[in-house]
Amino acid sequence: MTTLTHRARRTEVGRNSEKKVESEGDANQDRTPDNEDSGDSKDIRLTLMEEVLLLGLKDKEGYTSFWNDCISSGLRGGILIELAMRGRIYLEPPTMRKKRLLDRKVLLKSDSPTGDVLLDETLKHIKATEPTETVQTWIELLTGETWNPFKLQYQLRNVRERIAKNLVEKGILTTEKQNFLLFDMTTHPVTNTTEKQRLVKKLQDSVLERWVNDPQRMDKRTLALLVLAHSSDVLENVFSSLTDDRYDVAMNRAKDLVELDPEVEGTKHSATEMIWAVLAAFNKS
C-alpha cells in the first residue's frame with residue numbers, strides 16, 4: 001500500500017492548508033519546464049532507479065523499511081521509464097483494438113548500450129523477447145512475479161544491492177555490515193547528504209514553490225520521479241521534513257497528480273507515454 005493511501009503518522013486534512021499557500025501557487029502558474037531543475041546535479045548524474053533507492057534508504061541505518069513491499073516493483077518501473085527517456089524503448093502506436101496504455105506492447109527503438117548494467121540487461125531481455133510484452137507484464141517479469149517457469153529468466157536479481165553499489169561508486173553511499181541477531185546484513189548508509197537533500201528539495205519544490213498544476217509543463221524527470229516515489233511508497237520520506245501546513249499541501253498536490261487519468265494524460269501533446277503507462281500499471285496492481 002503506497003504513501004498516498006496509507007499514512008499512519010498524519011491524518012488526512014482538508015484544503016484549509018491549500019488555501020494558505022494559494023497565492024504562492026497562483027504566482028507560479030506561469031512557470032515553464034525551462035525553469036525546472038534538469039533532474040541531475042552538474043557533477044553527479046543519477047538514474048531514476050538510483051534516485052528512488054536513495055529516497056527510500058534510511059540515512060544512518062543504510063537500508064529501506066522492512067515493511068516496504070512496493071519498492072522492488074517501483075525500481076523495475078523506473079528502469080522502463082529510464083530506457084524510454086534515453087530513447088531505447090517505446091510503446092507501440094495505438095490502434096483501434098489497442099488504445100489503452102496497458103494493452104500496448106513495449107517495442108525496441110535502439111539496442112545501443114547505455115553504460116548502466118541493469119538498463120542494458122533489461123534492454124537485452126526486451127530485444128530477445130517474442131512475442132513482445134506490455135509494460136505491466138514487463139514489471140512483473142523483471143520482479144520475478146510470474147507463474148511461468150520459462151519466464152523466470154527475465155527476473156533481475158539483487159537489484160537494490162546493485163543500485164546501491166552504483167551509488168557507492170558515485171560517492172553518495174558507503175558499505176557497512178550490521179548484525180541482526182541471527183544474520184549479518186550489508187547496509188549502505190548515506191555519506192553524501194548534500195546530494196540527497198538536493199534531491200528531496202527538488203521534489204518538494206516541484207509541488208510547492210515551482211508548482212505549475214499541469215504535468216505537461218513539469219520537468220519530465222521530476223514528474224517521473226514523483227510517480228515512482230509514490231509507486232515505491234517513499235513519498236513520505238520526501239515530505240516528512242516539511243511543516244504540517246506545507247506537508248498537507250505537498251501531499252494533496254502529489255495525490256492530485258498521481259490520481260490523474262493516465263489514459264488522458266498519455267495522449268496529450270509532448271507527454272512521455274511510458275511515465276503514464278507505468279503509473280497505470282501500478283494503479284491496476
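The entries below go from the overall picture to single residues.

**Ground rules.** This is a predicted model, so I took local features only at pLDDT of at least 70 and side-chain atom pairs only at pLDDT 80 or more, while totals for chains, interfaces and linings use all residues. Residues are numbered from 1 along each chain as its sequence is written, and side-chain values use heavy atoms, with hydrogens and water left out.

**Overall.** I find 13 helices and four strands in the protein. Helices here are DSSP runs of H or I with at least four residues, strands are runs of E with at least two, and both are numbered from the N terminus. Of the 285 residues, 50% are buried. Buried means under 20% relative accessible area, exposed over 50%, and partly exposed in between, using a 1.4 Å probe and protein chains only. I also looked at contacts, meaning heavy atoms within 4.5 Å. Among those with a separation of 6 or more, 71% join residues 24 or more positions apart.

**α3 against α4.** Helix α3 (residues 48–56) packs on helix α4 (residues 71–85) at about 150 degrees, with the axes 8 Å apart. The axes are lines fitted to C-alpha atoms over the stretch in contact, and angles run from 0 to 180 degrees between N-to-C directions. That makes α3 roughly antiparallel to α4; the cut-offs are under 35 degrees for roughly parallel, over 145 for roughly antiparallel, 65 to 115 for roughly perpendicular, and oblique for the rest. From α3 I noted Leu 48, Met 49, Val 52 and Leu 53 in the contact, and from α4 Ile 71, Leu 75, Gly 78, Ile 79, Ile 81, Glu 82 and Met 85. The tally is nine nonpolar, one polar and one charged. Here Ala, Val, Leu, Ile, Met, Phe, Trp, Tyr, Cys and Pro count as nonpolar, Asp, Glu, Lys and Arg as charged, and the others, Gly among them, as polar.

**α5.** What sits on the buried side of α5? I listed Leu 118, Leu 119, Thr 122, Leu 123, His 125 and Ile 126 as buried. They cover an arc of only 160 degrees around the axis, which puts them on the same side of α5; the arc is taken from the directions from the helix axis to the C-beta atoms. The face turned away from that side carries the exposed residues Val 117, Lys 124 and Ala 128. The buried residues pack against α3, α4, β1 (89–91), β2 (106–108), α6 (135–143) and α7 (159–169).

The peptide bond from Glu 130 to Pro 131 is cis, with omega near -5 degrees, and Pro 131 is in the loop between α5 and α6. Asn 158 has a positive phi, near 55 degrees, without being a glycine. I found Asn 158 in the loop between α6 and α7, and it is exposed at 59% relative accessibility.

**Two buried residues.** Thr 187 lies in strand β4 (residues 183–187) and is buried, at 0% relative accessibility. Beyond its neighbours within four places in sequence, Thr 187 contacts residues including Glu 61, Tyr 63 and Thr 174. Pro 262 lies in helix α12 and is buried at 8%. Pro 262 and Leu 101 are 161 residues apart in sequence, yet 8.0 Å apart in space, C-alpha to C-alpha.
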